[in-house]
Amino acid sequence: MSNKIKGSLLLVLAAMIWGSSFIVMKSAVDFLTPNVLLFIRFSLATVIMSIMFYKYIKDIKLKDLKGGMITGTCLFLAYLVQTLGLTMTTPGKNAFLTAVYCAIVPFLVWIFYHKRPDNYNFIAAVLCVLGVGLVSLDGDLSINMGDLLTLIGGLFYAFHILAIKKYSKEMHPIKLTTLQFAMTAVLAFLGALFFEDISLIKQIDSSIIMQIGYLAFFATAVTLLCQNVGQHLVSECNAAILLSLESVFGVFFSVLFYGEVLTLKVFLGFIIIFVAIIVSETKLSFLKIKARGGELNV
């Protein structure tokens, strides 16, 4: 099995687990505030990673801390804003609107690395805006705060993808994963300390302990490790489209377990956003291959 296939499988696994985590998060934020939840989740994940992979993180250097701080800050902002959005919208919409980062990544690459997006990226951007409008805009063309925050969270996820790609080349993915978890936990602690009621940690209901455990181990330690290793083996754009499957899994699990009902307008928006992601990341190459195959058969 090639490294590219291994990386792709790891990213799909991460997307599937993340997709299932939206309904778990939706339930957890009914009991805990966003920063408190993130502090518990990423503190546990840091401990888990430190115990499991101590040999990879025991020789931390100053340059490693820089990578962990930058990727961890991006990750914290993405999760915080997305979690705040989740308190005001449905798990399915939260999952799909977050996925707009796939259309954003090529434009960030243009800004920071001066690699101009191609025509497919521009088409995808237009489709993405249209899809977001169908999913988020109400009859009076207003957008609710939950959907808006989710979109902003998607922007921070795009920055996180670029940061991971940069620093995964300079340090071991396991070390990078652990350090960014620790940074996210620190920032969440500060957020809870200054802006929320951190004493909620002492009032955790036994009914959500399993949910927190699932979020900390599977939806954090396992998935972000899969992302960091997977992104090391595939390109930024390929990583973006594979991770975007999180939105498909998110809607699937939300309809199946949360009882979310999709209107025709929202469903069409989901379809358009997904088409935008496919156009942006594949350049419709599968159609070209099929066409060439048809010509060969003549």
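## Aromatic pairs

Rings of Phe, Tyr and Trp (its six-membered ring) pair if their centres lie within 6.5 Å. By this criterion, Phe-42, Tyr-79, Tyr-157 and Phe-181 are linked by ring pairs into a cluster. The model is predicted. Twelve aromatic pairs occur in the structure.

One of them joins Phe-253 and Phe-257. The ring centres lie 6.1 Å apart and the planes meet at 15 degrees. Planes under 30 degrees apart count as stacked, so this pair is stacked.

## The Phe-253 and Phe-257 pair in H12

Both residues belong to helix H12, which covers residues 245–258. Phe-253 and Phe-257 are four residues apart there, so about one helical turn separates them.

Their burial contrasts. Phe-253 has 16% relative accessibility and counts as buried, because buried means under 20%. Phe-257 has 57% relative accessibility and counts as exposed, because the cut-off for exposed is over 50%.

## Helix H6

H6 runs over residues 101–113 and has 13 residues. From its first C-alpha to its last, H6 reaches 17 Å. That is close to the expected 18 Å at 1.5 Å a residue.

The buried residues of H6 are Tyr-101, Cys-102, Ala-103, Val-105, Pro-106, Leu-108 and Val-109. Just after the helix comes His-114, with a positive phi of about 60 degrees.

## Charges over rings

Arg-116 lies over the face of Trp-110, at 5.9 Å from the ring centre. Lys-166 lies over the face of Tyr-167, and here the distance to the ring centre is 5.3 Å.

Methods:
Residues are numbered from 1 along each chain as its sequence is written. This is a predicted model: local features need pLDDT of at least 70, side-chain atom pairs count only at pLDDT 80 or more; totals for chains, interfaces and linings use all residues. Side-chain values use heavy atoms; hydrogens and water are left out. Helices (H or I, at least four residues) and strands (E, at least two) are DSSP runs, numbered from the N terminus. The expected span of a helix is 1.5 Å times one less than its number of residues. Buried means under 20% relative accessible area, exposed over 50%, partly exposed in between (1.4 Å probe, protein chains only). Rings of Phe, Tyr and Trp (its six-membered ring) pair if their centres lie within 6.5 Å; planes under 30 degrees apart count as stacked, over 60 as edge-to-face and the rest as tilted. A charge sits over a ring if NZ of Lys or CZ of Arg is within 6 Å of the ring centre and within 35 degrees of the ring normal.
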